[in-house]
Amino acid sequence: MLIKIVIFALVCYVLYRLFVNDSKKKAEKEAEQRKKRVESGEMVQDPVCGTYVDKSNAITVRNGDQTLYFCSYECRQKYIDRFNEQQKLN
Ligand SMILES: [Zn+2]
């Protein structure tokens, strides 16, 4: 009986380890892919919330020579509001 419990625990442990390793590898792979896409300029960071977004799906604002990319209209609005506040202060 005890042996059965030990074997069962061992199997659970092995499965657990396999699963953990797998998700860890997956996360690492995804992080690497994202890094590559950021480096190649395919992905850009939203300056408001820090989320990485696809350049083709991002919402853009041109500020002089600079183009800014946002994940949502909400973030874009936040940025514009903040920018306007700064303009008022200056
Ligand atoms: Zn955002």
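Biologist: Hi! Where does Ser40 lie?
Modeller: Ser40 sits in the loop between helix H1 (2-39) and S1. Helices (H or I, at least four residues) and strands (E, at least two) are DSSP runs, numbered from the N terminus. This is a predicted model, where local features need pLDDT of at least 70, side-chain atom pairs count only at pLDDT 80 or more, and totals for chains, interfaces and linings use all residues. Residues are numbered from 1 along each chain as its sequence is written.

Biologist: Is Ser40 buried or exposed?
Modeller: Ser40 is exposed, with 9 other C-beta atoms within 10 Å.

Biologist: Thanks! What pattern does the protein follow along the sequence?
Modeller: Along the sequence the pattern is α-β-β-β-β-α. The radius of gyration is 23 Å, well over the 12 Å that the globule rule gives for 90 residues, so the protein is more spread out than a compact globule. That radius is taken over C-alpha atoms, and the rule is 2.2 Å times the number of residues to the power 0.38.

Biologist: And what does the C-alpha trace span?
Modeller: About 75 × 30 × 20 Å along the principal axes. Buried residues make up 10% of the 90 residues.

Biologist: Which residues make up the largest nonpolar core?
Modeller: There are eight: Met43, Val44, Ala58, Leu68, Tyr69, Phe70, Cys71 and Cys75. A nonpolar core is a set of buried Ala, Val, Leu, Ile, Met, Phe, Trp, Tyr and Cys residues joined through C-beta atoms within 7 Å.

Biologist: What is Phe70 in contact with?
Modeller: Leaving aside neighbours within four places in sequence, Phe70 is in contact with Asp46, Val48, Ala58, Ile59, Cys75, Arg76 and Tyr79. Contact means C-beta atoms, placed from the backbone, within 7 Å.

Biologist: New topic: how many bridges join S3 and S4?
Modeller: Five, in the antiparallel sense, with S3 covering residues 59-63. Two strands pair if DSSP finds at least two bridges between them. Val61 stands opposite Leu68 in S4.

Biologist: Which residue takes a positive phi in that hairpin?
Modeller: Gly64, near 65°, and the hairpin has two residues between the strands.

How values were computed
A residue is buried if 20 or more other C-beta atoms lie within 10 Å of its own, exposed if 12 or fewer, and partly exposed in between; C-beta atoms are placed from the backbone. Two residues are in contact if their C-beta atoms, placed from the backbone, lie within 7 Å.
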